[in-house]
Amino acid sequence: MKAFGAVLCILACLCAPRPDAAAAVVGTRERAVLEAWLRRNPTFRLATPIDCDCAAGIQRMRAVGSFDGPIPEYEPYMLEGDFRSDGRKDVAVIVTVGGKAPEGTLLIFDAPFPNANRPAFTGKVGSLRGVALFKSPKGPWPVVGEFESEACVYMPAGKTYVADCAPDD
């Protein structure tokens, strides 16, 4: 019976339309910033678990997690955290324009969100298949990469972010 419930949960997450996917993961203020950006950039939409095609990875993050333990509300394309270590919640999301093999764009918005028109960082992340957002085990920074593989860490640099995609030695 538990397995049946888990299958239903996964199907609900993967099959349900998610235009407001931010609602389950980020706060009201952060969600408003994302929605405002999407209204001003109508060719984009929030990426969804369907774009990732990584149901097993998502389930593993929700049930087992990573270095911090389970993340029951894990969403592969949304991450909230204090990326700049200034005591404020920043938000990172991946958006896409769709297609059969959607390409992603990472947006990082720094609190207190002075300008929702202009994220602190915008950058291409390539194909979304198997790719997701994670929290870095070495700091509060967002990480983009495949589940259980090398990834790019996005660290604050002045008013923007820089990607460190070098493998750990």
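**Figure 1. Aspartate 51, a buried residue of helix H3.** Aspartate 51 has a relative accessible area of 10% and is therefore buried (under 20% relative accessible area; exposed is over 50% and partly exposed in between, with a 1.4 Å probe and protein chains only). The residue is found in helix H3, residues 49-52 (helices, H or I with at least four residues, and strands, E with at least two, are DSSP runs numbered from the N terminus). This is a predicted model, in which local features need pLDDT of at least 70 and side-chain atom pairs count only at pLDDT 80 or more, whereas totals for chains, interfaces and linings use all residues. Residues are numbered from 1 along each chain as its sequence is written, and side-chain values use heavy atoms, with hydrogens and water left out. A polar atom of the aspartate 51 side chain lies 2.8 Å from the backbone nitrogen of threonine 48. Beyond neighbours within four places in sequence, aspartate 51 is in contact (heavy atoms within 4.5 Å) with Arg45, Tyr77, Thr96, Pro102, Leu128 and Arg129.

**Figure 2. Salt bridges.** The whole structure holds 8 salt bridges (a side-chain nitrogen of Lys or Arg within 4 Å of a carboxyl oxygen of Asp or Glu). Arginine 45 pairs with aspartate 51, with the closest N and O atoms 2.9 Å apart; arginine 45 is partly exposed at 31%. Glutamate 75 and arginine 62 form a salt bridge at 3.2 Å, N to O. Glutamate 75 lies in the loop between H4 and E2 and arginine 62 in helix H4, so this pair ties together parts 13 residues apart in sequence. Glutamate 75 is buried at 7% relative accessibility, and arginine 62 is buried at 13%.

**Figure 3. The largest nonpolar core.** This core (buried Ala, Val, Leu, Ile, Met, Phe, Trp, Tyr and Cys residues joined through side-chain atoms within 4.5 Å) has 28 residues, and those with the most contacts inside it are Ile94, Leu106, Ile108, Val144, Phe147 and Tyr154. Strand E6 (131-135) is among the elements that each supply at least two residues, and E6 gives the largest share, 4 residues. A second, separate core of 16 residues includes Val33, Leu34, Leu38 and Val95.

**Figure 4. Helix H2 and its cover.** The 13 residues of H2 (28-40) should span 18 Å at 1.5 Å a residue, and the end C-alpha atoms are 18 Å apart, which agrees (the expected span is 1.5 Å times one less than the number of residues). Buried residues of H2 include Glu30, Arg31 and Trp37. Their cover includes strands E1 (45-46), E2 (78-81), E3 (90-96) and E4 (103-109).

Technical notes. Polar contact = N/O pair within 3.5 Å; in protein donor to acceptor, adjacent residues only side chain to side chain.
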